[in-house]
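Q: Can we go through the charged pairs in this one? Keep it brief.
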Amino acid sequence: MERKHFLKTLGASAAFALAFPCLHGCSSDNEDEIEGEGNTPVPTGIDFTLDLEASENAKLAENGGFIVKDLVVVAKNLEGEFVAASQVCSHQGYEEVRFVDLDGGIFYCDVHGSRFEQNGTPINKVDGATAKTLKIFKTELNGNMLRVFE
């Protein structure tokens with residue numbers, strides 16, 4: 001029997017039987033979740049210092065620039081002040097919060113579109129409910145050293 005004829009005789013049920021384990025292994029029980037993310041605890045005990053002259057912190061030289069360190073988003077807002085917030089969104093615990101140049105500068109989560117004022121207050125409703133306040137950290141500038149802490 002030729003291979004082409006053999007494959008035709010197998011039919012759709014055999015193809016499904018071969019493909020189903022792969023498809024099942026690639027799916028998630030919760031389609032809203034991004035694989036490997038979500039439900040990350042909000043960072044606590046934060047207290048670190050950034051050298052603003054170091055190359056890894058160069059984005060903080062420009063208004064609107066930000067970096068991420070230890071699950072904290074550190075940004076230089078549009079007015080030139082330093083602000084810091086949890087990278088972990090208060091909506092469902094995804095590590096996707098960033099600082100964006102919208103509405104005067106806000107913290108924004110890419111997963112479900114949660115938006116937060118610079119003081120952590122939620123701006124919009126997600127899934128029909130207002131998200132909890134985003135955790136905000138204190139910042140203190142001393143020369144070229146920026147301390148981020150609770």
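Q: Is E96 buried or exposed?
A: E96 is buried, at 17% relative accessible area; buried means under 20%, exposed over 50%, and partly exposed in between, with a 1.4 Å probe and protein chains only. This is a predicted model, where local features need pLDDT of at least 70, side-chain atom pairs count only at pLDDT 80 or more, and totals for chains, interfaces and linings use all residues. Residues are numbered from 1 along each chain as its sequence is written, and side-chain values use heavy atoms, with hydrogens and water left out.

Q: What does R98 form with E96?
A: A salt bridge, with the closest N and O atoms of R98 and E96 3.9 Å apart. The term covers a side-chain nitrogen of Lys or Arg within 4 Å of a carboxyl oxygen of Asp or Glu. R98 is partly exposed, at 22%.

Q: How many salt bridges in the whole structure?
A: The search finds 4.

Q: Which residue does R147 meet in one?
A: D47, at 2.9 Å from N to O. R147 is in strand β11 (residues 145-149) and D47 in strand β1 (residues 47-51), so the pair ties together parts 100 residues apart in sequence. Strands (E, at least two residues) are DSSP runs, numbered from the N terminus.

Q: And how accessible is D47?
A: D47 has 48% relative accessibility, so partly exposed. R147 is also partly exposed, at 28%.

Q: Next, R115. What is its partner?
A: D103, with the closest N and O atoms 2.8 Å apart. R115 lies in strand β7 (residues 115-116), and D103 in the loop between β5 (97-100) and β6 (106-109). D103 is exposed, at 60%.

Key
Helices (H or I, at least four residues) and strands (E, at least two) are DSSP runs, numbered from the N terminus.
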